Amino acid sequence: RYVTGDASRVTVVSQHNYASGFPRSMRGYPVAVRSPANLWSLRATLVTRASTQAASAALSALWRSGFRYKKAGEWKEVTFQQHFDTTRRLACGLLHSGIKKGDRVCILANTSIFWSQFDLAVLGAGGVTVPVYPTNTPEDTAYIINHCEAAVLFVDDFKNLQKIASISKDCPKLKKVVVNFELRTGDVKAG
C-alpha cells in the first residue's frame, strides 16, 4: 500500500490504484508520500533521465551503420559519424577554396552516398547545389556550368571527368574540379 497526498490530506491507495493512477512513465517509482511538489520533482527527474537516455541513444546511433554501398562487388558500411565527418571536411574544403554564401557548386555524379555528401557539404558551406545529370551531353553540361556560373564542380567517376576535360576550355568561370574516385583497370588506356 502506498500513501499519496499532501501533509493536510493524506490518502491511502492500493498498489492497483497507484499503478493505474499515474502516467506510464511514472510507474515503478514508489514514493511514500506524494505531494504536488514531489510530483513535479519526480517529473523533472524523469524528464532529465529520459533526455539523458535519449542523448545516449543518439550518441550510440552515430556509431551505427547508417549507409551501405557496393564497391568492387563488396558491401561497405558507413556510420552516421563517418558520413558527418566526411561532409564536414568537404564543407571546410569548399570554404577554404573561397566558396561564399549563395555561390553555386555543380555536382556531376551518379546517385550514391557520395552525391549526398557533396550536396550536404555544399549546403554546409552556404552554397547552392546545381545538379548535372551524368547522362547529359558535354554541350548541355557546359551550358549548365556556365549558366549557373559555378566555380567548383564535384565529379564521382573517370568517365565524367573526361567529359569535363573535353569542355573545360568552354567553362571560363570553373576554377576547381573535385574528384572522388579511384582509377579502375580499363579507365586509362596506354597508347
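The lining of the second largest pocket in this predicted model divides into eight nonpolar residues, four polar ones and no charged ones (Ala, Val, Leu, Ile, Met, Phe, Trp, Tyr, Cys and Pro count as nonpolar, Asp, Glu, Lys and Arg as charged, and the others, Gly among them, as polar). Among the lining residues are Tyr 69, Val 78, Phe 114, Gln 117 and Asn 180. Two or more of the lining residues come from each of α3 (80–96), α4 (113–124) and β8 (176–179), and α4 gives the largest share, four residues. A pocket here is an open set of points on a 1 Å grid over the protein atoms alone, where a 1.4 Å probe fits, with protein on both sides within 12 Å along at least five of seven lines; lining residues have an atom within 4 Å of a point. About 170 Å³ of space lies in this pocket, the volume being that filled by probe spheres set on the points, which are joined across faces, edges and corners.

Turning to the whole chain, six helices and eight strands are present, in the order β-β-α-α-β-β-α-β-α-β-α-β-α-β from the N terminus (DSSP runs, H or I of at least four residues for helices and E of at least two for strands, numbered from the N terminus). Of the 191 residues, 29% are buried, that is, under 20% relative accessible area with a 1.4 Å probe, protein chains only.

Residues are numbered from 1 along each chain as its sequence is written, and side-chain values use heavy atoms, without hydrogens and water. Local features need pLDDT of at least 70 and side-chain atom pairs count only at pLDDT 80 or more, whereas totals for chains, interfaces and linings use all residues.

How values were computed. Buried < 20%, exposed > 50% of the residue type's maximum accessible area, 1.4 Å probe, protein only.
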